[in-house]
Amino acid sequence: MNYVRSFTEPESPDEMLSLLDRYLQLAPAMMPQPSDDTHSPPLWHPDLHLDNVFVDPESKQITHVIDW
């Protein structure tokens, strides 16, 4: 269960913009770097969204990514 995400209140526009900014900071690190290596597959999660990311409520650290 994702304890950080509210099930009763939708995210506010400011929260969504903050998440988008954080994603844009992280996205370059998640993309494969250009190379001539065409044999190593990238790690890919086609259904990545907040319901599939579990966060520890005390440490605020990601603990699990599910639904691969």
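The model is predicted, so local features need pLDDT of at least 70 and side-chain atom pairs count only at pLDDT 80 or more, while totals for chains, interfaces and linings use all residues. Residues are numbered from 1 along each chain as its sequence is written, and side-chain values use heavy atoms, with hydrogens and water left out.

The protein holds one helix and two strands. Helices (H or I, at least four residues) and strands (E, at least two) are DSSP runs, numbered from the N terminus. Their order along the sequence is α-β-β. Of the contacts with a separation of 6 or more, 32% join residues 24 or more positions apart. A contact means heavy atoms within 4.5 Å.

Of the 68 residues, 9% are buried. Buried means under 20% relative accessible area, exposed over 50%, and partly exposed in between (1.4 Å probe, protein chains only). The protein exposes about 6300 Å², and carbon and sulfur atoms supply 60% of that area. Accessible areas come from the Shrake-Rupley method with a 1.4 Å probe; for residues, only the protein chains shown count as cover.

Leu17, Leu20, Tyr23, Leu24, Leu26 and Met30 form a nonpolar surface patch. Together they have about 620 Å² of accessible area. Patch residues have over 30% relative accessible area and no salt bridge; nonpolar side chains (Val, Leu, Ile, Met, Phe, Trp, Tyr) are joined within 5 Å, like charges within 9 Å. A salt bridge is a side-chain nitrogen of Lys or Arg within 4 Å of a carboxyl oxygen of Asp or Glu.

Leu24 sits in helix α1 (residues 13-30). Leu24 counts as exposed because its relative accessibility is 52%. Met30 also lies in helix α1. Met30 is partly exposed, at 47%. Met30 and Leu43 are 13 residues apart in sequence, and their C-alpha atoms are 8.5 Å apart.
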